[in-house]
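Here are my notes on the ligand site and the pockets. Please read them with the model open.

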Amino acid sequence: MLATVNGIQIAYTDEGAGGPLLFVHGFPLSRGTWSKQVAAFQASHRVIAPDLRGLGDSEVSPGPIPMGRFAKDLHGLMQHLKTGPLTLVGHSMGGYVALAFAKAYPEALKGLVLVGTKAGADSPEGATARRATAEKVRTEGSSVVVDAMAPKMLAASNTDAAMAAAVHGFMAPSKPEGVIGALLGMAEREDAGAWLGMLQVPTLVIAGADDTIIPPSESEAMAKAIPGAQLKVIPKAGHLVAFEQADAFNAALVDWLNSAGL
Ligand code: MLT
(Lines give C-alpha, C1' and ligand atoms only; values in the text may rest on other atoms or scores of the structure.)
Protein backbone atom coordinates (compact mmCIF):
# COMPACT_ATOMS: atom_id res chain seq x y z
CA MET A 1 0.00 0.00 0.00
CA LEU A 2 1.06 3.60 -0.51
CA ALA A 3 0.44 6.71 1.58
CA THR A 4 1.52 10.29 0.92
CA VAL A 5 3.35 11.42 4.05
CA ASN A 6 5.31 14.68 4.37
CA GLY A 7 5.05 15.11 0.60
CA ILE A 8 6.43 11.74 -0.46
CA GLN A 9 4.94 8.31 -1.17
CA ILE A 10 5.66 5.79 1.56
CA ALA A 11 5.11 2.10 0.80
CA TYR A 12 3.89 0.04 3.72
CA THR A 13 2.30 -3.18 4.92
CA ASP A 14 -0.64 -3.01 7.35
CA GLU A 15 -2.12 -6.33 8.48
CA GLY A 16 -4.19 -7.66 11.37
CA ALA A 17 -5.97 -5.99 14.26
CA GLY A 18 -5.11 -5.43 17.92
CA GLY A 19 -2.40 -3.53 19.78
CA PRO A 20 -0.41 -1.77 17.05
CA LEU A 21 3.20 -2.74 16.31
CA LEU A 22 5.29 -0.61 13.94
CA PHE A 23 8.36 -2.37 12.52
CA VAL A 24 11.18 -0.22 11.11
CA HIS A 25 13.86 -1.84 8.95
CA GLY A 26 17.60 -1.15 8.83
CA PHE A 27 20.00 0.00 6.11
CA PRO A 28 20.05 -0.55 3.15
CA LEU A 29 17.12 -2.88 3.70
CA SER A 30 13.35 -2.76 3.27
CA ARG A 31 10.19 -3.94 4.98
CA GLY A 32 10.51 -7.50 3.67
CA THR A 33 12.97 -8.12 6.50
CA TRP A 34 9.92 -8.22 8.81
CA SER A 35 7.92 -10.71 6.72
CA LYS A 36 8.17 -13.40 9.42
CA GLN A 37 6.93 -10.99 12.08
CA VAL A 38 4.06 -9.77 9.88
CA ALA A 39 3.03 -13.39 9.39
CA ALA A 40 3.32 -14.30 13.08
CA PHE A 41 1.84 -11.24 14.79
CA GLN A 42 -1.11 -10.30 12.57
CA ALA A 43 -3.29 -12.85 14.41
CA SER A 44 -2.91 -10.89 17.66
CA HIS A 45 -1.81 -7.35 16.70
CA ARG A 46 -2.10 -4.70 14.03
CA VAL A 47 1.26 -5.01 12.27
CA ILE A 48 2.59 -2.08 10.24
CA ALA A 49 5.88 -2.12 8.37
CA PRO A 50 6.86 0.79 6.10
CA ASP A 51 9.78 1.22 3.74
CA LEU A 52 11.73 4.23 4.96
CA ARG A 53 11.95 7.13 2.49
CA GLY A 54 14.45 6.42 -0.28
CA LEU A 55 14.60 2.69 0.49
CA GLY A 56 12.50 -0.26 -0.67
CA ASP A 57 9.49 0.93 -2.65
CA SER A 58 9.20 4.34 -0.98
CA GLU A 59 9.87 7.54 -2.85
CA VAL A 60 13.29 9.17 -2.79
CA SER A 61 13.95 12.72 -1.61
CA PRO A 62 17.18 14.61 -2.31
CA GLY A 63 19.88 15.36 0.28
CA PRO A 64 20.84 13.87 3.65
CA ILE A 65 17.98 12.24 5.58
CA PRO A 66 18.42 12.90 9.31
CA MET A 67 17.07 10.23 11.65
CA GLY A 68 14.52 12.80 12.83
CA ARG A 69 13.15 13.09 9.28
CA PHE A 70 12.59 9.33 9.12
CA ALA A 71 10.93 9.58 12.57
CA LYS A 72 8.66 12.37 11.31
CA ASP A 73 7.63 10.15 8.40
CA LEU A 74 6.71 7.37 10.86
CA HIS A 75 4.67 9.82 12.90
CA GLY A 76 2.93 11.05 9.74
CA LEU A 77 2.17 7.48 8.70
CA MET A 78 0.71 6.77 12.16
CA GLN A 79 -1.57 9.77 11.77
CA HIS A 80 -2.56 8.70 8.26
CA LEU A 81 -3.39 5.20 9.54
CA LYS A 82 -4.97 6.51 12.77
CA THR A 83 -3.02 4.00 14.85
CA GLY A 84 -2.81 5.92 18.11
CA PRO A 85 0.19 5.27 20.40
CA LEU A 86 2.00 2.05 19.56
CA THR A 87 4.96 -0.23 20.13
CA LEU A 88 7.87 0.68 17.87
CA VAL A 89 10.33 -2.02 16.84
CA GLY A 90 13.50 -0.72 15.17
CA HIS A 91 16.33 -2.73 13.67
CA SER A 92 19.82 -1.20 13.37
CA MET A 93 19.32 2.11 11.48
CA GLY A 94 15.63 1.57 12.27
CA GLY A 95 16.74 1.58 15.92
CA TYR A 96 18.49 4.93 15.45
CA VAL A 97 15.18 6.15 13.99
CA ALA A 98 13.22 4.63 16.88
CA LEU A 99 15.41 6.47 19.41
CA ALA A 100 14.93 9.75 17.50
CA PHE A 101 11.18 9.04 17.51
CA ALA A 102 11.19 8.36 21.26
CA LYS A 103 12.80 11.74 21.85
CA ALA A 104 10.52 13.69 19.50
CA TYR A 105 7.17 11.96 20.10
CA PRO A 106 7.16 10.33 23.57
CA GLU A 107 3.36 10.59 23.73
CA ALA A 108 3.05 8.39 20.62
CA LEU A 109 4.94 5.46 22.16
CA LYS A 110 3.63 2.63 24.34
CA GLY A 111 6.63 0.36 24.05
CA LEU A 112 10.03 0.21 22.40
CA VAL A 113 11.97 -2.72 20.97
CA LEU A 114 15.56 -2.06 19.90
CA VAL A 115 17.04 -4.79 17.70
CA GLY A 116 20.70 -5.10 16.68
CA THR A 117 21.25 -1.41 17.20
CA LYS A 118 23.16 1.07 19.35
CA ALA A 119 22.72 4.48 20.94
CA GLY A 120 26.04 6.10 20.06
CA ALA A 121 26.74 8.43 17.14
CA ASP A 122 29.35 7.67 14.47
CA SER A 123 32.96 8.31 15.48
CA PRO A 124 34.61 11.08 13.40
CA GLU A 125 36.40 8.35 11.39
CA GLY A 126 33.15 6.40 10.98
CA ALA A 127 31.33 9.49 9.73
CA THR A 128 34.17 10.24 7.27
CA ALA A 129 34.01 6.66 5.98
CA ARG A 130 30.22 6.93 5.50
CA ARG A 131 30.63 10.13 3.48
CA ALA A 132 33.29 8.45 1.34
CA THR A 133 30.92 5.52 0.76
CA ALA A 134 28.17 7.96 -0.22
CA GLU A 135 30.50 9.45 -2.85
CA LYS A 136 31.26 5.96 -4.16
CA VAL A 137 27.55 5.17 -4.42
CA ARG A 138 27.12 8.40 -6.40
CA THR A 139 29.59 7.23 -9.04
CA GLU A 140 29.21 3.44 -8.91
CA GLY A 141 25.64 2.82 -7.69
CA SER A 142 24.00 1.07 -4.73
CA SER A 143 25.79 -2.23 -5.38
CA VAL A 144 28.84 -0.76 -3.60
CA VAL A 145 26.90 -0.91 -0.33
CA VAL A 146 24.74 -3.95 -1.07
CA ASP A 147 27.71 -6.17 -1.98
CA ALA A 148 29.65 -5.07 1.12
CA MET A 149 26.79 -5.45 3.59
CA ALA A 150 24.77 -8.45 2.37
CA PRO A 151 27.36 -11.07 3.43
CA LYS A 152 27.49 -9.59 6.95
CA MET A 153 23.76 -9.67 7.63
CA LEU A 154 23.63 -13.31 8.73
CA ALA A 155 25.76 -15.30 11.19
CA ALA A 156 29.08 -16.41 9.64
CA SER A 157 28.08 -20.03 10.37
CA ASN A 158 24.84 -19.71 8.35
CA THR A 159 25.16 -21.58 5.02
CA ASP A 160 21.49 -21.27 3.99
CA ALA A 161 21.74 -20.03 0.37
CA ALA A 162 18.02 -19.27 0.09
CA MET A 163 18.23 -17.03 3.15
CA ALA A 164 21.28 -15.23 1.75
CA ALA A 165 19.40 -14.68 -1.54
CA ALA A 166 16.42 -13.29 0.39
CA VAL A 167 18.69 -10.82 2.18
CA HIS A 168 20.01 -9.63 -1.18
CA GLY A 169 16.40 -9.22 -2.31
CA PHE A 170 15.60 -6.95 0.65
CA MET A 171 18.41 -4.63 -0.48
CA ALA A 172 17.87 -4.88 -4.23
CA PRO A 173 15.29 -2.07 -4.60
CA SER A 174 17.46 0.53 -2.82
CA LYS A 175 18.02 3.51 -5.09
CA PRO A 176 21.39 5.31 -5.04
CA GLU A 177 19.86 8.63 -3.98
CA GLY A 178 18.10 6.95 -1.05
CA VAL A 179 21.21 5.04 0.02
CA ILE A 180 23.26 8.26 -0.11
CA GLY A 181 20.63 10.16 1.89
CA ALA A 182 20.57 7.51 4.62
CA LEU A 183 24.38 7.30 4.78
CA LEU A 184 24.70 11.07 5.17
CA GLY A 185 21.87 11.10 7.72
CA MET A 186 23.52 8.39 9.81
CA ALA A 187 26.86 10.23 9.62
CA GLU A 188 25.34 13.32 11.22
CA ARG A 189 23.10 11.60 13.76
CA GLU A 190 23.10 12.59 17.43
CA ASP A 191 24.38 10.44 20.27
CA ALA A 192 21.15 9.06 21.76
CA GLY A 193 22.96 7.89 24.91
CA ALA A 194 22.01 11.13 26.63
CA TRP A 195 18.29 10.38 26.61
CA LEU A 196 18.25 6.60 27.20
CA GLY A 197 17.84 7.23 30.93
CA MET A 198 14.73 9.33 30.27
CA LEU A 199 12.83 6.66 28.33
CA GLN A 200 9.62 5.94 30.17
CA VAL A 201 8.06 3.10 28.18
CA PRO A 202 8.59 -0.65 28.57
CA THR A 203 11.66 -1.51 26.48
CA LEU A 204 13.05 -4.74 25.09
CA VAL A 205 16.56 -4.89 23.64
CA ILE A 206 17.36 -7.81 21.32
CA ALA A 207 20.73 -8.77 19.84
CA GLY A 208 22.02 -11.56 17.63
CA ALA A 209 24.83 -13.30 19.52
CA ASP A 210 26.92 -13.45 16.32
CA ASP A 211 26.23 -9.92 15.05
CA THR A 212 29.50 -8.49 13.71
CA ILE A 213 28.00 -5.23 12.33
CA ILE A 214 26.73 -4.06 15.75
CA PRO A 215 28.03 -6.41 18.45
CA PRO A 216 25.76 -7.56 21.32
CA SER A 217 27.86 -5.52 23.78
CA GLU A 218 26.08 -2.42 22.38
CA SER A 219 22.71 -3.95 23.28
CA GLU A 220 23.95 -4.87 26.75
CA ALA A 221 25.03 -1.26 27.34
CA MET A 222 21.68 0.12 26.13
CA ALA A 223 19.68 -2.30 28.25
CA LYS A 224 21.65 -1.19 31.33
CA ALA A 225 21.06 2.49 30.55
CA ILE A 226 17.30 2.28 29.87
CA PRO A 227 15.19 2.10 33.05
CA GLY A 228 13.58 -1.34 33.43
CA ALA A 229 14.72 -2.57 29.99
CA GLN A 230 14.92 -6.30 29.31
CA LEU A 231 17.73 -7.81 27.24
CA LYS A 232 17.53 -10.91 25.03
CA VAL A 233 20.56 -12.22 23.16
CA ILE A 234 19.57 -14.80 20.54
CA PRO A 235 22.06 -17.58 19.71
CA LYS A 236 23.09 -18.46 16.15
CA ALA A 237 21.95 -15.09 14.85
CA GLY A 238 23.84 -12.34 13.04
CA HIS A 239 22.76 -8.75 12.37
CA LEU A 240 19.41 -9.64 10.80
CA VAL A 241 18.29 -11.59 13.86
CA ALA A 242 14.52 -11.22 13.34
CA PHE A 243 14.73 -12.87 9.93
CA GLU A 244 17.51 -15.38 10.60
CA GLN A 245 16.15 -16.76 13.90
CA ALA A 246 12.53 -15.72 13.52
CA ASP A 247 11.08 -18.36 15.87
CA ALA A 248 13.36 -17.41 18.76
CA PHE A 249 12.92 -13.70 18.02
CA ASN A 250 9.13 -13.97 17.86
CA ALA A 251 8.99 -16.01 21.06
CA ALA A 252 11.02 -13.35 22.89
CA LEU A 253 8.77 -10.61 21.52
CA VAL A 254 5.55 -12.45 22.45
CA ASP A 255 6.77 -13.01 26.02
CA TRP A 256 7.72 -9.39 26.41
CA LEU A 257 4.52 -8.02 24.79
CA ASN A 258 2.46 -10.21 27.14
CA SER A 259 4.43 -9.17 30.21
CA ALA A 260 4.13 -5.49 29.24
CA GLY A 261 0.41 -5.82 28.37
CA LEU A 262 1.01 -4.55 24.81
C1 MLT B 1 21.91 -1.16 9.45
O2 MLT B 1 21.83 -2.39 9.36
O3 MLT B 1 20.90 -0.44 9.54
C4 MLT B 1 23.28 -0.52 9.40
O5 MLT B 1 24.26 -1.49 9.50
C6 MLT B 1 23.45 0.51 10.45
C7 MLT B 1 24.75 1.21 10.34
O8 MLT B 1 25.42 1.14 9.29
O9 MLT B 1 25.14 1.89 11.30
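1. His 239 reaches the ligand through its side chain: an N or O atom there is 2.8 Å from a ligand oxygen. This is a polar contact, that is, a pair of N or O atoms within 3.5 Å. The protein buries 94% of the 270 Å² that the ligand exposes when taken alone. Those areas are Shrake-Rupley values with a 1.4 Å probe.

2. This is a predicted model: local features need pLDDT of at least 70, side-chain atom pairs count only at pLDDT 80 or more, and totals for chains, interfaces and linings use all residues. Numbering runs from 1 along each chain as its sequence is written, and side-chain values use heavy atoms, with hydrogens and water left out.

3. For Tyr 96, a polar side-chain atom lies 2.6 Å from a ligand oxygen. For Arg 130, a side-chain N or O atom is 2.7 Å from one.

4. Which residues are around the ligand? They are Gly 26, Phe 27, Ser 92, Met 93, Tyr 96, Arg 130, Met 149, Met 186, Ile 213 and His 239. The shell divides into 6 nonpolar, 3 polar and 1 charged. Note the classes: Ala, Val, Leu, Ile, Met, Phe, Trp, Tyr, Cys and Pro are nonpolar, Asp, Glu, Lys and Arg are charged, and the others, Gly among them, are polar.

5. The ligand takes the space of the largest pocket. The criterion is that more than half of its atoms lie within 2 Å of the pocket's grid points. A pocket here is an open set of points on a 1 Å grid over the protein atoms alone, with protein on both sides within 12 Å along at least five of seven lines; lining residues have an atom within 4 Å of a point.

6. The largest pocket has a volume of about 420 Å³. Its lining holds 18 residues, with Phe 27, Arg 130, Met 149, Lys 152 and Ile 213 the closest to the centre. Two or more lining residues come from each of α3 (93-104), α4 (124-140), α5 (143-149) and α7 (176-187). α5 gives the most, with 4 residues. By class, the lining has 11 nonpolar, 4 polar and 3 charged residues.

7. The second largest pocket holds about 220 Å³ of space. It is lined by 16 residues; Met 67, Ala 100, Arg 189, Glu 190 and Trp 195 lie nearest its centre. α2 (67-81) and α3 are the elements that give two or more residues to this lining. α3 gives the most, with 5 residues. The lining divides into 9 nonpolar, 2 polar and 5 charged.

8. Two backbone points deserve a look. Phe 27 and Pro 28 are joined by a cis peptide bond, with omega about -10°. Pro 28 lies in the loop between β3 (19-24) and α1 (35-41). Asn 6 has phi near 50°, a positive value in a residue other than glycine. Asn 6 is in the loop between β1 (2-5) and β2 (8-15).

Technical notes: Near = heavy atom within 4 Å. Polar contact = N/O pair within 3.5 Å; in protein donor to acceptor, adjacent residues only side chain to side chain. 1 Å grid on protein atoms, 1.4 Å probe; cavity = no way out; pocket = protein on both sides within 12 Å on 5 of 7 lines; lining within 4 Å. Points joined across faces, edges and corners; volume = space filled by probe spheres on them.
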